[in-house]
Every structure is written in structure tokens, then in C-alpha cells.
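Subject: Structure handover

Hello,

Here is the structure I promised. Please open it alongside this message. My notes follow below.

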Amino acid sequence: MSFDIKRVGGLRLALLAISASTLPLVAFADMPPQGIGVITAYVLPALAVLLLFALLLDALMNRVFMIEQPAADQALRRLCLRLDLIISTGILLVWGWHFRVLLDT
């Protein structure tokens with residue numbers, strides 16, 4: 001079975017892309033909250049937490065919908081589940097480290 005990006009779905013791909021785009025922006029989270037720094041200091045950390053919950057909910061729903069499906073549908077759901085968990089782990093590690101550093105100071 002080949003991987004077809006169209007079968008993953010546009011909304012899920014957008015969720016994964018937006019979630020992955022927050023990972024390198026953690027480097028700018030320490031900017032002073034003036035101008036564009038408001039987005040990096042306040043909006044991005046909150047957005048990362050919300051996206052983490054959305055990814056975990058999507059992973060859970062993929063697992064639930066995988067039950068009693070044909071093998072082809074299970075393979076697609078398993079792929080989506082793995083993509084969700086990979087990006088979730090990245091957010092948890094990168095932003096979790098940032099939040100941990102904030103709590104230590």
C-alpha cells in the first residue's frame with residue numbers, strides 16, 4: 001500500500017503543519033512582549049498547548065475509529081495516529097522544556 005497524502009486529509013495536514021511550525025518558534029519565546037514579541041511571548045505558548053490537546057484528541061479518535069475497520073482504513077488511521085503522536089512528542093519536548101525553564105526562574 002502506498003502513502004497517498006490526499007487520503008490523510010487537508011484539515012489534519014493543516015493541524016500537523018501548524019503544530020510543527022510552532023516548534024522552531026520556541027527560540028523567540030523570550031522576546032520582550034512589545035510589537036511582534038506579544039505573539040511569541042504570549043500567543044505561541046498558549047497556542048502550543050491548545051494544539052497539543054487537539055493532536056492528542058485526533059490521535060485518540062483515530063484509534064477509536066480504527067476499531068472494526070478494513071485493513072486499508074486501519075493502515076491510514078494508524079499513519080495518522082503516528083503522525084499525531086510524533087508531532088505531539090515534539091511539542092511536549094520542545095515547549096515542555098521551555099515551560100520547565102520558565103518555572104525554574
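This is a predicted model: local features need pLDDT of at least 70, side-chain atom pairs count only at pLDDT 80 or more; totals for chains, interfaces and linings use all residues.

Start with one convention: an angle over 145 degrees between two axes counts as roughly antiparallel.

**Overall layout**

The protein has four helices and zero strands. Read from the N terminus, the order of elements is α-α-α-α. The C-alpha trace spans about 50 × 25 × 15 Å along its principal axes. As for burial, 30% of the 105 residues count as buried.

**α3 against α4**

Two packed helices are described by the angle between their axes and the distance between the axes. So here are both values for this pair. Helix α3 covers residues 37-65 and helix α4 covers residues 71-104. Their axes come within 9 Å and cross at roughly 155°. The cut-off for roughly antiparallel is over 145 degrees, and α3 and α4 are therefore roughly antiparallel to each other. The crossing of α3 past α4 is left-handed. The contact of α3 with α4 has 18 nonpolar residues, two polar and four charged.

**α2 against α3**

Helix α2 takes in residues 10-21. The axes of α2 and α3 come within 10 Å and cross at roughly 140°. This crossing is left-handed. On the α2 side, the residues are Arg 12, Leu 15, Leu 16, Ile 18 and Ser 19. They meet Leu 51, Ala 54, Leu 55, Asp 58 and Asn 62 in α3. By class, the contact of α2 with α3 divides into six nonpolar, two polar and two charged residues.

First, Asn 62. Is Asn 62 buried or exposed? Its relative accessibility is 1%, so Asn 62 counts as buried. Asn 62 lies in helix α3. Leave aside its neighbours within four places in sequence. Asn 62 is then in contact with Arg 12, Arg 77, Cys 80, Leu 81 and Asp 84. Arg 12 belongs to α2 and is among the residues that meet α3.

Next, Leu 52. This residue also lies in helix α3. Leu 52 has 16% relative accessibility, so Leu 52 counts as buried. Which residues does Leu 52 touch, not counting those up to four places away in sequence? They are Ser 88, Ile 91 and Leu 92. For a distance check, compare Leu 52 with Thr 105. The two sit 53 residues apart along the chain, and their C-alpha atoms are separated by 24 Å.

Last, Thr 89. Thr 89 lies in helix α4. With 43% relative accessibility, Thr 89 counts as partly exposed. Thr 89 and Leu 52 are 37 residues apart along the chain. Their C-alpha atoms are separated by 8.8 Å.

**In brief**

The protein is made of four helices and zero strands. α3 and α4 are roughly antiparallel, and α2 crosses α3 at roughly 140°. Asn 62 counts as buried, and Thr 89 counts as partly exposed.

Best regards

Methods: Residues are numbered from 1 along each chain as its sequence is written. Side-chain values use heavy atoms; hydrogens and water are left out. Axes are lines fitted to C-alpha atoms, for helices over the stretch in contact, and angles run from 0 to 180 degrees between N-to-C directions. Helices (H or I, at least four residues) and strands (E, at least two) are DSSP runs, numbered from the N terminus. Angles under 35 degrees count as roughly parallel, over 145 as roughly antiparallel, 65 to 115 as roughly perpendicular and the rest as oblique. A crossing is left-handed if the near helix is turned anticlockwise from the far one by less than a right angle, and right-handed if clockwise. Ala, Val, Leu, Ile, Met, Phe, Trp, Tyr, Cys and Pro count as nonpolar, Asp, Glu, Lys and Arg as charged, and the others, Gly among them, as polar. Buried means under 20% relative accessible area, exposed over 50%, partly exposed in between (1.4 Å probe, protein chains only). Contact means heavy atoms within 4.5 Å.
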